[in-house]
Amino acid sequence: MSHIDLPDAPGFFGLMQRFPKTAQPLTQLAESLLRGSSPLSPGERELIAAHVSAQNGCQFCEGTHGATARHLFAGNPNRDSETVARVLEEGPNATDVGDKLAALLRLATETEAGGEAVTDEIVEEARAAGAGDETIHDTVLIAAAFGMFNRYIDGLGAPVPSDLEVYDEHGAFLAENGYQQPSA
């Protein structure tokens, strides 16, 4: 049960319908972070968002962004639905995700724990694995923003679907269309 009056739409979708004034800048932020220019692929960025959401216990964002990553990785010989499952289950210790992604997941984990938890050693580990400044920046910003998104959705008690098919449908839509909302 939500803490405020919301339409019968899951997670962020109900909040967007009820509060279009904040929906526009928040969806623009998501579009920029997850689909804008970055050395990270959209699938990798979605996976980082899903990982942070899992860490925060935000079922809606974990389900939605995990499903989006699965759809974006479809046909990728190096990343697949098993990669997503391992990351969501094991976090930065996930096997067979590669040194760079593992280091970025650790960076995201520490960012979400608190900015002061990001140490020179964590950043150097990411650099040693091949991450440049922009990749490090994007990882930290995605982790920080998803901390906010997770708290926004769960803090207002937005409805969370229990049907996994709902997440798969949302993930397929977001993988295909991104986060830009049609202009009114």
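Twenty residues line the largest pocket of this predicted model, and those lying nearest its centre are Phe 12, Phe 13, Met 16, Leu 174 and Tyr 179. The pocket has a volume of about 280 Å³. By residue class, its lining divides into 13 nonpolar and 7 polar residues, with no charged ones.

Several helices contribute to this lining. At least two residues each come from H1 (11–18), H2 (20–35), H4 (59–73), H8 (133–155) and H9 (164–177). Helix H4 gives the most, with 4 residues.

These helices belong to a chain whose secondary structure comes to 9 helices and 0 strands. Read from the N terminus on, the order of elements is therefore α-α-α-α-α-α-α-α-α.

The overall dimensions come next. Along its principal axes, the C-alpha trace spans about 50 × 35 × 30 Å. The radius of gyration of the chain is 16 Å, which agrees with the value near 16 Å that a compact globule of 184 residues would have.

Among contacts in the chain with a separation of 6 or more, 69% are accounted for by residues 24 or more positions apart. Of the 184 residues, 46% are buried, where buried means under 20% relative accessible area. The accessible surface of the chain comes to about 9100 Å², and carbon and sulfur atoms hold 51% of that surface.

Definitions and conventions. Residues numbered from 1 in each chain as written. Predicted model: local features only at pLDDT ≥ 70, side-chain atom pairs only at ≥ 80, totals over all residues. Heavy atoms only, no water. 1 Å grid on protein atoms, 1.4 Å probe; cavity = no way out; pocket = protein on both sides within 12 Å on 5 of 7 lines; lining within 4 Å. Points joined across faces, edges and corners; volume = space filled by probe spheres on them. Nonpolar A, V, L, I, M, F, W, Y, C, P; charged D, E, K, R; others polar. Rg over C-alpha atoms; globule rule 2.2 N^0.38 Å. Buried < 20%, exposed > 50% of the residue type's maximum accessible area, 1.4 Å probe, protein only. Contact = heavy atoms within 4.5 Å. Areas by Shrake-Rupley, 256 points an atom, 1.4 Å probe, with all protein chains shown as cover.
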